[in-house]
Amino acid sequence: MLAILSLVLPVFALIASGFLARRIGVIGRPAVSELNRVVVYLALPALLFDVMAHAKPAELAQPGFIAAFGLACGIVFYGTLGLSLLGKRPLAEASLDGLIGSYANTAYMGFPVLLMLFGADSLVPVTIASILTVCVLFASAIVLIEIGINSERHPLRLAGKVTRSLIRNPLLIAPVAGLLYGQTGLGLPGAVESFLKLLGGAASPLALVVIGLFLAEPRPVGVREVRASAGLALTKLAVQPALTWGLAILMGVPPQLAAMAVLLAAMPTGTGPFMLAEFYKLPAVVTSAVILVSTLGALVTLPLLMLALGVGPQP
């Protein structure tokens, strides 16, 4: 419990620093959008390129793990999207809801937690989960949001507009470029590697500070927002890991690998959905609330899952 707490507290500290900086007037309101643009156009693309450039096909050959974790992500994403559409939500906002409910913080919480529990054996599974979450899931949400915000009704013209938007989107260009470069086998020069690590490492901390800035702004919160936040946080912390566990058993995934998949699925919502909400000027009240609530809730749910799975920190 103390180990989990030590990993979660810095997340709250970063959010709190942004909150306090905005409340005392050190940072102004325009900083939310401008700092988020730094994340979207610089830091996160560097992280995505770095992850994909180091992805080795032989290491990533874990079909059972990929199927259990990936299918659970997809079911939660599209299931939440469908429920939101049934509730008369616009496609762009419904797509964001789907991402909020399925976007696990695999990189910034998954890596240290699983390293603590399983040691070096966890590095490849966490990398796979991060690629599925940060690249595949993220890309799916971007495509649907682009379709939702384009008003063009003619199918061919709509496809053209969306395609043009997608090929200019740094969050899609970066992982594709990283994957292509990785296949050359050249490796990254030391200076480039350091650059990507420094810039990519700023993505999540800066996004958490921006969430704090956003939360510091007084704004009305209705019953719908409260209910949506609670429902999406519950989906993230309970429904997704339960679904992953069931799929892992059904597919005969080895116990240790199955435990890793379940714990990664149980990670709280990462900052990716908030970045997209700000970037596309979509309502971000629910997004920021779910990130905060699910991160706090993980203090309870992760230790309980560890107990149920029979895993604990390595000596």
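Predicted model: local features only at pLDDT ≥ 70, side-chain atom pairs only at ≥ 80, totals over all residues.

I'll take two of them in detail, then a cluster.

Start with Phe77 and Tyr78. Their ring centres are 4.8 Å apart, and the planes sit at 85 degrees. Over 60 degrees counts as edge-to-face, so that is what this pair is. Now, buried or exposed: where does Phe77 fall? Buried, with a relative accessible area of 0%. Tyr78 is partly exposed, at 47% relative accessibility.

Next pair: Phe214 and Phe274. Here the centres lie 5.5 Å apart and the planes are at 75 degrees. Edge-to-face again, then. Which parts of the chain does this pair link? Distant ones. Phe214 belongs to helix 10, residues 203-215. Phe274 belongs to helix 13, residues 272-279. As for accessibility, Phe214 is at 8%, which means buried, because the limit is under 20%. Phe274 is buried too, at 0%.

Now the cluster. Which residues do ring pairs join there? Tyr41, Phe279 and Tyr280.

Last item, Asp50. Find it in helix 2, residues 31-53. Its relative accessibility is 7%, so Asp50 counts as buried. What does Asp50 touch, once residues up to four places away in sequence are set aside? Leu188, Glu193, Leu196 and Lys197.

That's the tour. Thanks.

Technical notes
Residues numbered from 1 in each chain as written. Heavy atoms only, no water. Phe/Tyr/Trp six-rings, centres within 6.5 Å; stacked < 30°, edge-to-face > 60°. Buried < 20%, exposed > 50% of the residue type's maximum accessible area, 1.4 Å probe, protein only. Helix = DSSP H or I, 4+ residues; strand = E, 2+ residues; numbered from the N terminus. Contact = heavy atoms within 4.5 Å.
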